[in-house]
Amino acid sequence: MAKQGVASMLALALLLGAFAAIPTGVHAIGVCYGVNGDNLPSASDVVQLYRSNGINQMRIYFPDTNALNALSGSNIGVIMDVPNSALSSLASDPSAAATWVQSNVQAFPGVNFKYIAVGNEVSGGDTNSILPAMKNVNSALANAGLGNIKVSTAVQSGVTQGFPPSQGSFSQGYMGPIAQYLQSTGAPLLCNVYPYFSYTGNEAQIDLSYALFTSPGTVVQDGGNAYQNLFDALVDTFVSALENAGAGNVGVVVSESGWPSAGGDAATPGNAQTYNQNLINHVGQGTPKRPGSIETYIFAMFNEDQKPGAETERHFGLFNPDKSPAYPINFS
């Protein structure tokens, strides 16, 4: 995660306001499971905690053998990342991709893999490896008879630009070919969406209520689309960027979103509870450009005291290491 930079010019334009959404029935909520913390529960206890809370989807950030063994037979849908450090080898060598798939996917037939995220918020020269690595992993899955598992990459809002949301485009040249490849395979783009970082990067022009889904009225009128919260505006900027890249049929999965409960501006348990509960309630209705349920993964399951970076990075958890809730949340 580490998104302080994503506020950028996009957030400058996204202004105030928001709206307290009404639940609209069953929808797909997952939670990201990171393990950079002391005294975290065993993987089997974690899977049981997901199940007891009705959380039916999980994202893991590397092929975590303990987690994969615990997930076997659970039917929890899984996003599994290819670590950024592995991109170069998988991009340059199809046999390395085949070995990766064999060791980390085929070896766990009881796991309900949905997506392989080839890199998370990749930056610098490594971005050149994303698409060839995606192609090699996709081919390896197809050759293994696992073509139902979709291959994508996870990106943050800093790869987009433009306001209002209908004017969204990709600001990074490597994204167009990735978007077109996703359109050819039917895989979604995995998008990490953080109103929190947009807000803290531009508090002078973005009202807290716009970020928290708590303001009552329309703030940004974009043609026929009315924006009442920052989450929708950020997601629809991705949607417009895909359209402008000639990949308008590519779906968007929100692969991370959350709010810290300590460690920075507006980082309180109350705000974290408000954001995450309203997010859960809201995503069943989708966005102005994409009505309907939007698959969303909350970051993160636990407060992780070993995470590097800003203090907020260690306080995104819905649960404490002892499995007690950091604050009350209803996942249904």
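What radius of gyration would a compact globule with 332 residues have, and what does the chain have?

**View 1. The whole chain.** This is a predicted model, where local features need pLDDT of at least 70, side-chain atom pairs count only at pLDDT 80 or more, and totals for chains, interfaces and linings use all residues. Residues are numbered from 1 along each chain as its sequence is written, and side-chain values use heavy atoms, leaving out hydrogens and water. A compact globule with 332 residues would have a radius of gyration near 20 Å; the chain has 19 Å, which agrees. That radius is taken over C-alpha atoms, and the globule rule is 2.2 Å times the number of residues to the power 0.38. The C-alpha trace spans about 50 × 45 × 35 Å along its principal axes.

**View 2. Helices and strands.** The chain holds eleven helices and twelve strands. These are DSSP runs, numbered from the N terminus: helices are H or I with at least four residues, strands E with at least two.

**View 3. Helix H5 against helix H6.** H5 covers residues 94–106 and H6 covers residues 127–143. Their axes, lines fitted to C-alpha atoms over the stretch in contact, lie 8 Å apart at an angle of about 55°.

**View 4. The residues between H5 and H6.** H5 brings Pro94, Ala97, Ala98, Val101 and Val105 to the contact (heavy atoms within 4.5 Å). H6 brings Asn136, Val137, Ala140 and Leu141.

Conventions. Axes are lines fitted to C-alpha atoms, for helices over the stretch in contact, and angles run from 0 to 180 degrees between N-to-C directions.
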